[in-house]
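Please look over the sequence and the structure shown here before reading the report.

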Number of protein chains: 2
Amino acid sequence: MNTTFLKACKGEKTDYTPIWIMRQAGRYLPEYHTVRSKGSFLDLCKSPERAAEVTIQPVDRLGVDAAILFSDILVPLEKMGCPLEFQEKRGPVFPEPIRSKAAVEALGIPDPEDDLGYVMDTIRILRKELADRVPLIGFSGAPFTLATYLIEGGSSKNYLTTKRMMFEEPTLYGQLLDKITECTIVYLKGQVAAGAQALQVFDSWAGVLAPCDYRDFAYPYVKRIIDALKQVTDIPLIYFANQGATLLPQTKQCGADVLGFDWRIGLDEVVRQVGQSVSIQGNMDPLSLFLPADRLEDRIRDVLIQAKGARGHIFNLGHGIVPETDPEKAVLAVKLVHKISREMRA
Amino acid sequence: MNTTFLKACKGEKTDYTPIWIMRQAGRYLPEYHTVRSKGSFLDLCKSPERAAEVTIQPVDRLGVDAAILFSDILVPLEKMGCPLEFQEKRGPVFPEPIRSKAAVEALGIPDPEDDLGYVMDTIRILRKELADRVPLIGFSGAPFTLATYLIEGGSSKNYLTTKRMMFEEPTLYGQLLDKITECTIVYLKGQVAAGAQALQVFDSWAGVLAPCDYRDFAYPYVKRIIDALKQVTDIPLIYFANQGATLLPQTKQCGADVLGFDWRIGLDEVVRQVGQSVSIQGNMDPLSLFLPADRLEDRIRDVLIQAKGARGHIFNLGHGIVPETDPEKAVLAVKLVHKISREMRA
């Protein structure tokens, strides 16, 4: 197996810098559209064979060093008892948002195999079909991020309803977060049992919180998840706090093997702050893939140079690749990361 | 005149910490709705008497230490030759986005008095009606932020079109930014001539740029504006780079008297980075105004303590106050800032 990704996560020496791309299985790939056109987005998440197929597409086309399960962070919430819809323009919608004690208490903890078997099946199919070409990353959302969707009933501009619950009803907020955290721990343990070889926890909206609120209302739940997983597995755990530059003094204590970063912070500054305590992942602006080839090469080299002092570095974009991206640019980026990082080691 | 705000901007000693609130003249105030209901948002911006009236409302009700001109950062762009609409759901829309050399070349530089006389008249009326109770802040958008609206044709989720122009057509992008910068300099000079006693440059979307792109594609134009203004006036200049925590090593060199911050960075960290070189403004999460009174007091005290080592501190929210805010909470916040900061000096 190509173990470059796993080694970098653990801070072991590698011949080159591994790369995978957030949303690498997705709308910028024509072959994804072919599979996706057969049904809705949620259908695809729930169809193990097809989900596995789109998961492997970027491994074939891009030559990335890891596959990431095709799914959505909101999938387990539906099975907690919240109907979920994906609307073409609005994105994810929970028509019955969770805003009361009764609603929180009505939430269940889904069983990975009984309730989310399609995810576990997808992982099992993938392990078989990948046949150890590259490791498979499983994932979940982080509790705060998941809570925003449940409380707001979907995406949000300023997270008013979520923050009001945090500030006006902290006990209720805490009960909801406890429940989401429990669900997430069980869900991720299920993924490990099914065969995930690394896990990423996506805290997509952590960056909307002041550091003091992140400390009180988001971080403790992340820490609880990582602690729980560390008791049962030693596969790499990655925590990605999107727009989390100023949360770093806190996030670096979470116990993950890898911290992921968006492009708003230089990786040299990250290394200055985390030292050799964790590996780092990131962090090129996804829109950098629109740079002409020569300037893309410069940009990639800059990121690699910035990350040079890291314990381990996994190259990635700072957020999901956008649908408008030319797949050939993604192919080029993977090649360049491999080539330049090999040269830098020589 | 209450000169506390002006003194803090320049780093002079004050008896207490001055405060004003971004969007203090706005939708959370019932008296604003009364005036606003007489016409569209743009109508209000273009009606000097009414714009002056809503500008003064928060001075009366909240007791803030500065008034800020009621207007919109997009107003001068319309007069560069881009039709502008405010749509109820979508917000600002430029139906004819600027994406070609011809479109850039067709843009004019509006004359402050001839083309934007309603803004200048509003300032003159305000100076008269405020009668030196508190200073009047004028403002503009920063060129990058303004450019995003022109290029995208309105608000944007990921600034794809803007960044594509930056990356794929840097010359065209530069020509557009040059023109917006020239317009902004002339516009702000006009505001100074009309009587503005401080100026704030809003870089609302600076935070979507990687530090290296901010350095190349946004900062130079801000610097040019500040340099130009410093040649003609010594009124305080405030630069607010929203979500700009990681841009601080660059923004602190811009020459402004004050740097504004959103809530994502602690002001103690800001002080650590800027030392005594500039005054600072900010930075409480607007949604903190939903905290119960006792915890709001704690939050305000924390911000004041964090800012203690600053050359000067102007208390503010980290972004605009939201329409759902209870005006009485804003009144309370102003009182608390005044009271606690007086106590801290004693």
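## The model

This is a predicted model, in which local features need pLDDT of at least 70 and side-chain atom pairs count only at pLDDT 80 or more, while totals for chains, interfaces and linings use all residues. Residues are numbered from 1 along each chain as its sequence is written, and chains are lettered from A and ligands numbered from 1 in the order in which they are written.

Helices (H or I, at least four residues) and strands (E, at least two) are DSSP runs, numbered from the N terminus.

## The sheet of chain B

Chain B has an open sheet of seven strands in the order β1-β4-β5-β6-β7-β8-β9, with parallel pairing. Two strands pair if DSSP finds at least two bridges between them. At the edges are β1 (67-68) and β9 (313-317) of chain B, each of which pairs on one side only. Helix α8 (residues 117-130) of chain B packs on the sheet and touches β1 and β4 (136-141) of chain B. The direction of α8 makes about 155° with that of β4(B); axes are lines fitted to C-alpha atoms, for helices over the stretch in contact, and angles run from 0 to 180 degrees between N-to-C directions.

Strands β7 (residues 258-260) and β8 (residues 279-284) of chain B pair in the parallel sense over three bridges. In this pair, B:Val258 stands opposite B:Ser279 of β8(B).

β8(B) and β9(B) run parallel and are joined by five bridges; B:Gln281 has B:Ile314 of β9(B) as its bridge partner. Is β9(B) largely enclosed or open? Five of its five residues are buried, so β9(B) is largely enclosed by the rest of the structure. A residue is buried if 20 or more other C-beta atoms lie within 10 Å of its own, exposed if 12 or fewer, and partly exposed in between, with C-beta atoms placed from the backbone. On one side of β9(B) the buried residues are B:His313, B:Phe315 and B:Leu317, and on the other they are B:Ile314 and B:Asn316.

B:Gln200 is found in strand β5 (residues 198-203) of chain B. B:Gln200 is buried because 25 other C-beta atoms are within 10 Å. Leaving aside neighbours within four places in sequence, B:Gln200 is in contact (C-beta atoms, placed from the backbone, within 7 Å) with B:Ile137, B:Phe139, B:Ile238 and B:Phe240.

## Where the chains meet

In chain B, 23 residues are in contact with 23 residues of chain A. Five residues of the side of chain B that touches chain A come from α10(B), the largest share. 100% of the interface residues of chain B are also interface residues in chain A, so the copies meet through the same surface.

The buried residues of helix α10 (residues 160-168) of chain B are B:Thr162, B:Lys163, B:Met165, B:Met166 and B:Phe167. These residues pack against α9 (143-152), α11 (170-194) and α12 (211-217) of chain B.

## Backbone details

Most residues other than glycine have a negative phi, and most peptide bonds are trans. In chain B, a cis peptide bond joins B:Gly282 and B:Asn283, with omega about 0°. B:Asn283 is found in strand β8 of chain B.

B:Ala131 is not a glycine, yet has a positive phi of about 45°. B:Ala131 is in the loop between α8 and β4 of chain B and counts as exposed, with 9 C-beta neighbours inside 10 Å.

Note on methods. Contact = placed C-beta atoms within 7 Å.
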